[in-house]
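Okay, thanks for coming, everyone.

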Amino acid sequence: MKVSYFPGCTLKTKAKQLDKYTRKSAEVLDITLEEIENWQCCGGVFTTARDEIATKLSSVRALSEAAKKDQILVSVCSACHNVIKQTNNAMQTDDEFNFRVNQYIDEEYNGEAKVMHFLELLRDEVGFDKVAEKVKKSLEGKKVAAYYGCLLLRPSSVMQMDDPENPTIIEDLISALGGEPVIYPYRNECCGGYIALENPESAKARSNKVTDSAAKSGAEIIVTACPLCKYNLEKNGSEIPVVYFTELLAEALGVKEEN
Amino acid sequence: MQRIGVFVCWCGSNIAGTVDVQAVSDALQNEPGVVFSTNYQYMCSQAGQDIIKNAIAEHKLTGIVVCSCSPRMHEATFRKTAAAAGLNPYMVEIANIREQCSWVHKDMPTGTEKAIILGKAAVAKVNLNAPLKPGESPVTKRALVIGGGIAGIQTALDIAEAGFPVDIVEKKPTIGGKMAQLDKTFPTLDCAACILTPKMVDVAQNENIRIFSYSEVEEVGGFVGNFDVKIRKKARFVNEDICTGCGICTEKCPQKKVPNEFNLGMDNRRAIYIPFAQAVPKVATIDADYCTMLKTGKCGVCSKVCTAGAIDYTQKDEIIEEKYGAIVAATGFNPISMDKFDEYAYNQSKDVITSLEFERLTNAAGPSAGKLVRPSDGKHPHTIVFVQCVGSRCAACAEKGKEYCSKICCMYTAKHAMLTRDKYPDTDVYVFYIDVRTPGKAFDEFYRRAVEEYGVHYIKGMVGKVSPEGDKLMVQASDLLANKQLHIEADLVVLAAAIEPDKSARPLATQLTASMDTNDFFTEAHPKLRPVESPTAGVFLSGTCQGPKDIPETVSQASAAAAKVIGLLAKDKLTGNPCVAGSDELMCNGCSSCERVCPYGAITYVDKEFRMPDRTTRVRRVASVNEAVCQGCGACTVACPSGAMDLKGFATKQIIAEVDAICR
Amino acid sequence: MNNSTENLQKEIIRSSGVNPKKCMRCGKCSATCPAYDEMEYHPHQFVYMVENGDIQPLLESKSLFQCLTCFACIERCPRGVEPAKLVEAVRLAVIRKQGANHLKADDIPALLDEDMPQQAIVSALRKYSK
């Protein structure tokens, strides 16, 4: 299966592990990731204002590229996925926004591309059962807490990935890899995001709520899909390690490098 | 040539305010066939009707046009007036110059012009009208009540009391419905079972009432006064006539792990069961999904212990066919699923429950024998948070909640809060509300007592998230009046789930050709003036299948529906609507198009002998309309490719004449 | 409401796509908001104040920069009001003015640590500056 891949800026720098193990796992699962040529930063956050045009053009360009190749546009960073998916939705549903965006781009684009997070690709295109078949080193006995944060699931009317209040997609992946998912209440609450820049105390309070709750629920490790979530949880002193879900995936598939 | 009279009504200033009524009656005076034209302040009044009667006699009128309000309002009135003066009532036409003219136009010239045009169209039609005589059909003096909750029970009892036989069809093994699951009832706090079960016994003992429990309506045919209904009596694998309800089988059955639906799955029952002690009929039912004998052929314990010999593993579903004069829908409600509201963690913690589950938890016959304990660990909860409007008044997303107010939650939550404080004064009780809605006799007083005498903390605001942490539930909520976000450590959270019509209502509505609203509540014939009748003749509505209601309101409406049924069954014959379809057999080519589109099954095909011009005879297949079944919808007249099918009183040539008059 | 306030109100409603009249004052947005305690005006107040044209206090409030658009209020609002979109529109009305950037590029180096991902910087710049 060939898909278009939008890695995003952080995956080229601070979150290289997220990128690297996405690629390695994809290889094992017969997914060819074709990196979008000359992609540009998604901007990190989706500006909800309908009259914000320029900030969404980089996403539209990537979407348009994928649509031209008739490929699914896959990203693995929660933030990139959120921005791209919401932009695509705005192109489909907001005529005025669509019209104005199309004034800036060469070829007309109307939201034709299919956008998927790498997790959805594994669930809906590959199938978690097929992923399970490729597991070489089961995560048996490992208690893993999925941390969704806000961007993967919300707004659910647009993201349509999973139940926004009681999601199962990462838990199901953990189970497929042989691990034991740990459910805890703050897995879909915000880590503090970029408030870390201005008000680290606020980010600390929120992150601690998440990591304490996960640890109290018996988790040994937290997985996430977002570099900023990982930063906040780790920076604020999580008792248990925080890794990208792709690292666990690669480990189970037997393609993780030893540190 | 007809001799037509025109009567223009002012309707006070309703019409005369925007329509020059004198100009209208003057203009119509010159229409073909019109021999008399006048106007009057209130044509529907006695004096107005006398004007019509006198004119019919004096001018030997053969048809009349009344320019007034909608025919829905007064067509029947003026038809009666005409009949009293010896004119065939179907020679009356109404031109609607109020709802469709004076009320929608603002200036007099436009209103007047349109009124004249509408009047001309009516005159053109009357010119082609012919006297019609309605047929009559007999009335089967038996009623069917679908649903055996408090609504169905009350309706059936009232009809039976008037001397008519009634059948109740209930899909569960017992009648009683939701009310049987309730503990106490607001605002008087009498025990639900104490007031319901005597009524259930009355039903069982009433000679005029038959109960088909564990049964469903399979098919409905016929029409008002003459419904043909097929009822599927599901196999319960117990002979109802023999079973004494002793309950030995339900104690000995080795299959103990069946979720008990009566207690909302909070405990288990056996595969053979009697839903609750006061069930009516008090007979056992085998749950085929769990019975080892039925699934594997090995067991048979219930049969061995049954001294009456009532167990019958070979029992099959039975189809009962019966005729009814009237049908009452009383299919009731259910709380909506909490799956889409997991910010309240219903699926993540056993200690987040719905209000109906709370009823069972506090009921002496419930899973905890009436002791208020946490489902997770059986401990007494010290802090309880009630959340109102979960899924009610929710317009964000149709698949999530309901846009309407569920109406009963404010009162039952006040009841739960008050009873908890009364019985367990060591418990802190919080109620989060958006608005407290307590219209009703002694309702607001009841709610205020919960606050003022029982010390329930009512907080204006909503809960945003419930987080199960250890054995506590962290409740994050807003207190809008204090402008604070609250964090409450609770032991139990109770969700006032919105209510929705039972899922069986939608297919039933299709069978009954009764209409429903977008929420699957049955639609009433008129929201104010005909609240217990469905628009389909002979079908009546009782209880929450029509809209959210509490018990007092349900019982009132159930009795009202019964009164309507009694009124119908008291008649020996029903006068039909003569405006039905009829086929011109000479033009009919036997194609079956009309038969296929008829929603009432009123058209059949017959082979008929026709004399040909050369004096031979030929048998041709032609359409035949059952006038008693036809509702006059006209679908067949447009489907007929050869123009053979026409609607009496609304013939194609009459409609064309109206259109011509408008376009002239 | 004077003319300029009315125009601003219209602009905010247009740009956010939010109809504040849909609000039934249940307060679930504020019950849900993780930034509640850091906000002077809470999500439900944003909705009410925009509806009433009481916008000046919002323009001056630090609350504008505490909302992280985590979409929790949007997700849980029973009426589909989407309060976070209103906050965003008010914030944009402020920072789109010349020299009104809340965060300047020059401020950033001092706020960084070596582990901070780029994502944090671009996100903050997008939300706080024009």
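Let's start with chain C: of its contacts between residues at least 6 apart in sequence, 70% join residues at least 24 apart. A contact here means two C-beta atoms, placed from the backbone, within 7 Å of each other. Before I go on, the housekeeping: this is a predicted model, so local features need pLDDT of at least 70, side-chain atom pairs count only at pLDDT 80 or more, and totals for chains, interfaces and linings use all residues. Residues are numbered from 1 along each chain as its sequence is written, while chains are lettered from A and ligands numbered from 1 in the order in which they are written.

Back to chain C. Its secondary structure is eight helices and zero strands, and along the sequence that reads α-α-α-α-α-α-α-α. Helices and strands are DSSP runs numbered from the N terminus, with helices being H or I and at least four residues, and strands being E and at least two. Along the principal axes, the C-alpha atoms of chain C fill a box of roughly 45 × 35 × 20 Å. So how does the radius of gyration of chain C sit with a compact globule? A compact globule of 130 residues would come out near 14 Å, and chain C has 15 Å, which agrees. That radius is taken over C-alpha atoms, and the globule rule is 2.2 Å times the number of residues to the power 0.38. Of the 130 residues in chain C, 55% are buried. Buried means 20 or more other C-beta atoms within 10 Å of a residue's own, exposed means 12 or fewer, and partly exposed is in between, with the C-beta atoms placed from the backbone.

Now, who does chain C touch? Chain A puts 35 residues into the contact and chain C puts in 29. On the chain A side, the elements giving two or more residues are α9 (195-198), α10 (200-216) and α11 (227-235). By class, that side of chain A splits into 17 nonpolar, ten polar and eight charged residues. For the classes, Ala, Val, Leu, Ile, Met, Phe, Trp, Tyr, Cys and Pro are nonpolar, Asp, Glu, Lys and Arg are charged, and the others, Gly among them, are polar.

Just after α11(A), Gly237(A) takes a positive phi of about 80 degrees.

Zooming out on chain A, there are two domains, domain 1 (2-119) and domain 2 (128-253), with bounds that come from an automatic or database domain assignment. The centres of the two domains, over C-alpha atoms, are separated by 22 Å. Domain 1 and domain 2 of chain A each bring 21 residues to the contact. On the domain 1 side, α1 (16-28) and α3 (78-93) each supply at least two residues, and α1(A) gives the most, with seven. That domain 1 side divides into nine nonpolar, nine polar and three charged residues.

On to chain B. In its contact with chain A, eight residues come from chain A and nine from chain B. Inside chain B, look at strand β1 (residues 4-9): buried or exposed? Six of its six residues are buried. Ile4(B), Val6(B) and Val8(B) point one way, Gly5(B), Phe7(B) and Cys9(B) the other. In general, side chains in a regular strand alternate between the two faces of the sheet.

β1(B) pairs in the parallel sense with β2 (residues 34-40) over six bridges, and also with β3 (residues 63-68), parallel again, over five bridges. To count as paired, two strands need at least two DSSP bridges between them. Ile4(B) has Val34(B) as its bridge partner in β2(B) and stands opposite Gly63(B) in β3(B).

There's also an open antiparallel sheet of three strands in chain B, in the order β11-β12-β17. Its edge strands are β11 (215-223) and β17 (318-324), each pairing on one side only. β11(B) and β12 (residues 226-233) are joined by eight bridges, and Glu219(B) stands opposite Lys230(B) in β12(B).

Last stop: Pro259(B), in strand β13 (residues 258-259). Why does Pro259(B) count as exposed? Because Pro259(B) has 12 C-beta neighbours inside 10 Å. Leaving aside residues up to four places away in sequence, Pro259(B) touches Gly265(B) and Asn268(B).
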